[in-house]
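Welcome! Here is a short briefing to read alongside the structure, grouped by topic.

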Amino acid sequence: MQTNAADDGRPFHPGQALSDSGYVPLILDGKRPTQKDWTRRPAEVLRAAARGTPGRTNFGVRCGEPAGSGVVAALDFDIDDESSAGRITEALANLGMPVRLGKPGRLLAVVRVPRDVRNEDRKFHHPDGRT
């Protein structure tokens, strides 16, 4: 069993940790939020619901929420090279970003970005030409 960051023996609670870090956690069933009207519910209502589910481990984060001078956004990675995927996952975690791992090479990092950053798709290529 994973313990909390303070390592005081209490079980790690992702909903609490996300809420304590200023994010708005969403309780998920697979990839879908379980709460109705989650896009319009007040942040504190969603945070309270997430904190009230200590045994649950499947959470998302509501993007577009104010975060300091910016907003919460997600960076989605689809990496076919296993070694590169591992190094990127480790680098993001070392930066303190919450990272969701999916199938091998599929990950999503939650970040805070300036308000004027737009939704964009970018494709980067491996030095040998692979995408």
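A residue is called buried under 20% relative accessible area, exposed over 50% and partly exposed in between, using a 1.4 Å probe and protein chains only. Arg106, for example, counts as partly exposed because its relative accessibility is 30%. This is a predicted model, where local features need pLDDT of at least 70 and side-chain atom pairs count only at pLDDT 80 or more, while totals for chains, interfaces and linings use all residues. Residues are numbered from 1 along each chain as its sequence is written, and side-chain values use heavy atoms, with hydrogens and water left out.

**Strands and sheets**

- Helices (H or I, at least four residues) and strands (E, at least two) are DSSP runs, numbered from the N terminus, and two strands pair if DSSP finds at least two bridges between them.
- Four strands form an open sheet in the order β4-β5-β7-β6, with antiparallel pairing.
- The edges belong to β4 (66–67) and β6 (99–101), each with a single partner strand, so one side of each has no neighbour in the sheet.
- Nine bridges join strand β5 (residues 70–78) to strand β7 (residues 106–114) in the antiparallel sense; Leu75 has Ala109 in β7 as its bridge partner.
- In a regular strand the side chains alternate between the two faces of the sheet.

**Around strand β1**

- Strand β1 (residues 25–29) is largely enclosed by the rest of the structure, because four of its five residues are buried.
- With strand β3 (residues 59–61), β1 pairs in the antiparallel sense over three bridges, and the bridge partner of Ile27 in β3 is Phe59.
- With strand β2 (residues 32–33), β1 pairs in the antiparallel sense over two bridges; here Leu28 has Pro33 as its bridge partner.
- A hairpin is formed by β1 and β2 with two residues between them, and Gly30 in the turn has a positive phi of about 70°.

**Core and contacts**

- A nonpolar core is a set of buried Ala, Val, Leu, Ile, Met, Phe, Trp, Tyr and Cys residues joined through side-chain atoms within 4.5 Å.
- The largest such core has nine residues, among them Leu18, Tyr23, Ile27, Phe59 and Val110.
- Leu18 touches Tyr23, Pro25, Phe59, Gly60, Val61 and Pro98, leaving aside residues up to four places away in sequence; contact means heavy atoms within 4.5 Å.
- His13 sits in the segment before α1 (14–20) and counts as buried because its relative accessibility is 12%.
- Apart from residues up to four places away in sequence, His13 touches Ala50, Arg51, Thr53, Pro54 and Phe59.

**Salt bridges**

- A salt bridge is a side-chain nitrogen of Lys or Arg within 4 Å of a carboxyl oxygen of Asp or Glu, and by this rule there are six.
- Glu44 forms one with Arg47, with the closest N and O atoms 3.0 Å apart.
- These two are three residues apart in helix α2 (residues 43–51), so about one helical turn separates Glu44 and Arg47.
- Glu44 is partly exposed at 46% relative accessibility, whereas Arg47 is buried with a relative accessible area of 14%.
- Glu44 also forms a salt bridge with Arg51, the closest N and O atoms being 3.5 Å apart.
- Arg106 forms a salt bridge with Asp78, also with the closest N and O atoms 3.5 Å apart.
- Arg106 lies in strand β7 and Asp78 in strand β5, so the pair ties together parts that are 28 residues apart in sequence.
- Asp78 counts as exposed at 54% relative accessibility.
- Through shared partners, salt bridges join Glu44, Arg47 and Arg51 into one network.
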